[in-house]
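Short sections take up the interface, the helix packing and the backbone in turn.

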Amino acid sequence: MDTFQIEVVTPEKLVLDQRAEFAEIPGKDGYIGVLAGHAALLGELGEGALKITAGGQIREITVSGGYVEVRDNHVRVLADKAG
Amino acid sequence: MPSLIDIRRRVRSVKNTQQITKAMKMVSAAKLRRAQERALAARPYAKMLQQMLANVAEAASQSGDGETHPLLAVRPEKKILLVVITADGGLAGGFNANLIKLAHRFANDHKSDELTFEAIGRKGRDYFRRRSFRIVGEHIDVFRNVKFETAEKIVQTIIDRYAKAEIDAVYLFVNEFKTVMSSTIAQTRLLPVEVPKSAAPVDYIFEQKPEEILGSLLPRYLNVQIYRALLESAAAYLAARMTAMDAATRNADEVIDKLTLYMNRVRQASITREIIEVVSGAAALE
């Protein structure tokens, strides 16, 4: 399965930077599902669980407030809080 | 001529001082490493946010109804706020003095304007308060544990005042951390926001309207700038302190060497004198 790079950062630190096959991102106006090759997207982040699927494993991070950007097969989640 | 005991006492006193400066240097070095790590850890977010702002601003200027965001509004600079970030403590060479000098020079150049100060750090506050400048906000003891919330709080008051047109421009004065041996004093304009240029505009799908995103992105951009300035200043202060204390320790070494040499000379002189006394005493008996 094709993968993409996903980064999650907060003002304090880089939370994660890894390859993933699928990500479920809590947008402000509803969840956004991202697969490899997703079109460029920019939106505000809501509150909720960010689910990242990589190698069959699902990792869950709680995020709140911030932005999400998808560009060139690269997802950047700029969260106010994550953990 | 001072007696041997006097000189010995001085040597001992310098040695004690040297021990203190050496300890201060070590403490600063340990703290510096942590501060440096934190400053470094804050970089990815700042960089990404800046890029995002550039892209969103580009899109908003194309799709927007031509109305500029209040934080981008440019007015003639009549009422200026100076945000001065100094340290709470001294013993760091010219760290505080140089920055204060830069801010004071700016104030002198803008005598006809209405100046207000936001003082972060005790040294700057004391200086400008003594000279009866108008300090509208002071933040002391924020460097021990720099929090993002601290930056948010500071920025919120600034944004409120700017939106109410109580101030027309905001300038930031801060020591930027370069390397352990050097930091530079910098003066940057915070408001109105100078939007960074987009390197390669991207055709995004916007989940929310670009103007809406821009509206929440701008205050956050300021938060990050202040937060980064606080972290950099904290690291630069510790670096300056470490360097200053290292220099002090080396100076103490030099003083001790000089005093020891002098002490030996004095001792030699007194021995010579005693020999002469003995010899001439013996000669007188013959």
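## Interface of chains B and A

Chain B and chain A bury about 2300 Å² between them, and carbon and sulfur atoms give 60% of that area. Buried area is the accessible area, taken with a 1.4 Å probe, that two parts lose on being put together, summed over both. Tyr45(B), Met48(B) and Met52(B) supply 28% of what chain B buries against chain A, more than any other three residues. In terms of contact (heavy atoms within 4.5 Å), 25 residues of chain B meet 26 residues of chain A.

The rule finds 2 salt bridges across the interface of chain B and chain A; a salt bridge is a side-chain nitrogen of Lys or Arg within 4 Å of a carboxyl oxygen of Asp or Glu. Arg220(B) forms a salt bridge with Asp80(A), with the closest N and O atoms 2.7 Å apart.

## Basis of the model

This is a predicted model, in which local features need pLDDT of at least 70 and side-chain atom pairs count only at pLDDT 80 or more, while totals for chains, interfaces and linings use all residues. Residues are numbered from 1 along each chain as its sequence is written, chains are lettered from A and ligands numbered from 1 in the order in which they are written, and side-chain values use heavy atoms, with hydrogens and water left out.

Helices (H or I, at least four residues) and strands (E, at least two) are DSSP runs, numbered from the N terminus. Axes are lines fitted to C-alpha atoms, for helices over the stretch in contact, and angles run from 0 to 180 degrees between N-to-C directions.

In chain B, the axes of helix H1 (residues 4-41) and helix H6 (residues 210-285) come within 7 Å and cross at roughly 160°. H1(B) is therefore roughly antiparallel to H6(B); angles under 35 degrees count as roughly parallel, over 145 as roughly antiparallel, 65 to 115 as roughly perpendicular and the rest as oblique. The contact of H1(B) with H6(B) has 24 nonpolar, 5 polar and 11 charged residues. Here Ala, Val, Leu, Ile, Met, Phe, Trp, Tyr, Cys and Pro count as nonpolar, Asp, Glu, Lys and Arg as charged, and the others, Gly among them, as polar.

## Two oblique pairs in chain B

Helix H5 (residues 148-163) of chain B packs with H6(B) at an angle of about 125°, their axes being 8 Å apart. H5(B) is therefore oblique to H6(B). Among the residues making the contact are Phe148(B) and Val155(B) of H5(B), and Leu222(B) and Tyr227(B) of H6(B). By class, this contact of H5(B) with H6(B) divides into 10 nonpolar, 1 polar and 1 charged.

Helix H3 (residues 95-109) and helix H4 (residues 122-130) of chain B pack at about 45°, with their axes 10 Å apart. This angle makes H3(B) oblique to H4(B). The contact includes Ile100(B) and His104(B) of H3(B), together with Tyr127(B) and Phe128(B) of H4(B).

## Backbone features in loops

Most residues other than glycine have a negative phi, and most peptide bonds are trans. Asp141(B), although not a glycine, has a positive phi of about 65°; Asp141(B) lies in the loop between strand S3 (135-139) and H5 of chain B. The peptide bond from Leu191(B) to Pro192(B) is cis, with omega near -10°. Pro192(B) is placed in the loop between strand S5 (183-191) and strand S6 (205-206) of chain B.
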